[in-house]
Amino acid sequence: MLNRRILLTSAAVSPLAALPALRTAEASTAVAVPTRGAASSAGRTRAVPVQIRLPRPTGPYPVGTTELHLVDAGRDDPFVPGRPRELMISIWYPASRLTAPAPYLPPLTAEVFGEGAAIALQQPVGTIDWVGAKSHAGLLAPVCPGKRPVVLFSPGFGVPRGLASISVTELASRGYVVVTVDHTYEVSAVEFPGNRIEVQTLPPAPYAMLARTTRFADLRFVLDSLTRLARGENPDADRRRLPKGLGNLLDLDRIGSYGHSAGGLSSIDLLVADPRIRAAIDLDGELGYGYDDPADAPTVAKGTNRPFLLMGSGAIGPGPHDHRTDPSWGLFWDHSSGWKRDLNVPNGRHYSFVDYQALIPWFQRFFIVPPDLIANTVGTANVDQVLRAMRTYIPAFFDQHLRHRPYDWTRALPETRFIA
């Protein structure tokens, strides 16, 4: 068994990923799981854990995936000084055929995440089969040839990169290469080759600026590594086998970025400061993060002349999250001269933009999910309509700005509202 220390860092941490401060958790091999309502019925257990079920991508291409271990030898890790900065990324791409499905989360990451999820869901560890869960992507599947636009995805603070698989596989099935990034020592756990796992290791608060600047450097290093891959090199630190022709897929003249929460602000930071990014989406991420006054954030103060899309939840801070209620969004909006849109999911919440929007209603079929967890993560929005919106708007935005395929932004889909 593995002993791991997991830290509860802030409200920005995923409610399903966080564990109490300095709690030492031990992976459990037991599968005795209470049935719905079993708290008052001793002895009633579920023999089989709940299996993860997520909607399949709707695009014309099968999806393949592989992971890379990247080492930035020239950068000292800001969270663990004395070590070079290491990252794990996954690349999702259009495949010519499916192979055996890749894990939804790497197995050791899944164990750590499952321990935090069990606490948040108020269920025993093992209730949900996080370790055995599979994605809708074939591991090392052969690539479907052709130059493809590239999109970077950055997750929320403390959240593993795999928790946005619905939107990521959707983009890949529509012909994009999508690169997802784990921000080591900030995320709850990152699994590296050789069964090595690095857990969240944060300095004493405040650490918001450290996280923000580290994320920015991480994403720029990933872009540099993709350039190496496109030149025919293998940037994986362990020189592991990659799908043949993977680098040939990358059209590095058409790169976008998007992210959720802290990943959303990281994507906009990248859009403003790195000319390689042509368009970006912020999913409910406040752009003033780390600054007492959002006007002091360079990204907010500068704005951009490149396209961006803001997608806000129904409640964050004072009310519906849009550029009229969030000063950081409002200032950035006013300082930006390019194409821009602001839309809102009025009945959704902060985690409606990632896989929780599908997972939590699925879990409700098997056990009672705490009502406050539902209210704080996904709200009351119709699940199918939110997923439809996510799988429409995100590809439509990148289709318009990376592929020159216009979309009609005048008519909002159900469960969404166009602010401007």
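This is a predicted model: local features need pLDDT of at least 70, side-chain atom pairs count only at pLDDT 80 or more; totals for chains, interfaces and linings use all residues.
**Entry 1: His404**

I began just after helix α9, where His404 takes a positive phi of about 60°. His404 is not a glycine, and I found it in the loop between α9 and β17. Most residues other than glycine have a negative phi, and most peptide bonds are trans. Is His404 buried or exposed? His404 counts as exposed, at 62% relative accessibility; buried means under 20% relative accessible area, exposed over 50%, and partly exposed in between, with a 1.4 Å probe and protein chains only.

Residues are numbered from 1 along each chain as its sequence is written, and side-chain values use heavy atoms, with hydrogens and water left out.

I looked up Leu140 next, in the loop between β8 (134–139) and β9. Leu140 is not a glycine, yet its phi is positive, about 55°. At 27% relative accessibility, Leu140 counts as partly exposed. Then I checked the peptide bond from Ala205 to Pro206, which is cis, with omega near 0°. Pro206 sits in the loop between β12 (196–199) and α3.

**Entry 2: Helix α9**

Back to α9, residues 383–402: its 20 residues reach 28 Å from first C-alpha to last, close to the 28 Å expected at 1.5 Å a residue. That expected span is 1.5 Å times one less than the number of residues. Helices (H or I, at least four residues) and strands (E, at least two) are DSSP runs, numbered from the N terminus. I noted that 15 of the 20 residues of α9 are buried. At its start, a side-chain oxygen of Asn382 comes to within 3.1 Å of the backbone nitrogen of Asp384.

**Entry 3: The sheet**

I traced an open sheet of eleven strands with mixed pairing, in the order β7-β8-β5-β6-β10-β9-β13-β14-β15-β16-β17. Its edge strands, β7 (101–103) and β17 (417–418), each pair on one side only. Two strands pair if DSSP finds at least two bridges between them. In which sense do β9 and β10 pair? Strand β9 (residues 148–154) and strand β10 (residues 177–182) are parallel, over four bridges. Thr180 in β10 is the bridge partner of Phe153.

Helix α4 (residues 262–273) packs on this sheet, touching β9, β13, β14 and β15 (308–313). Contact here means heavy atoms within 4.5 Å. The direction of α4 makes about 160° with that of β14; axes are lines fitted to C-alpha atoms, for helices over the stretch in contact, and angles run from 0 to 180 degrees between N-to-C directions.

**Entry 4: Thr299**

I found Thr299 in helix α5 (residues 298–302). Thr299 counts as buried because its relative accessible area is 7%. Which residues does Thr299 touch, leaving aside neighbours within four places in sequence? I listed Arg212, Ile268, Asp269, Val272 and Phe332.

**Entry 5: Nonpolar cores**

A nonpolar core is a set of buried Ala, Val, Leu, Ile, Met, Phe, Trp, Tyr and Cys residues joined through side-chain atoms within 4.5 Å. The largest one has 63 residues, and Trp130, Tyr258, Met311, Phe363 and Phe398 touch the most other members. Its largest share, ten residues, comes from α9. Apart from it I found another core of 40 residues, including Ile89 and Leu287.

Terms used
A polar contact is a pair of N or O atoms within 3.5 Å; within protein, one must be able to donate a hydrogen and the other to accept it, and residues adjacent in sequence count only if both atoms are side-chain atoms.
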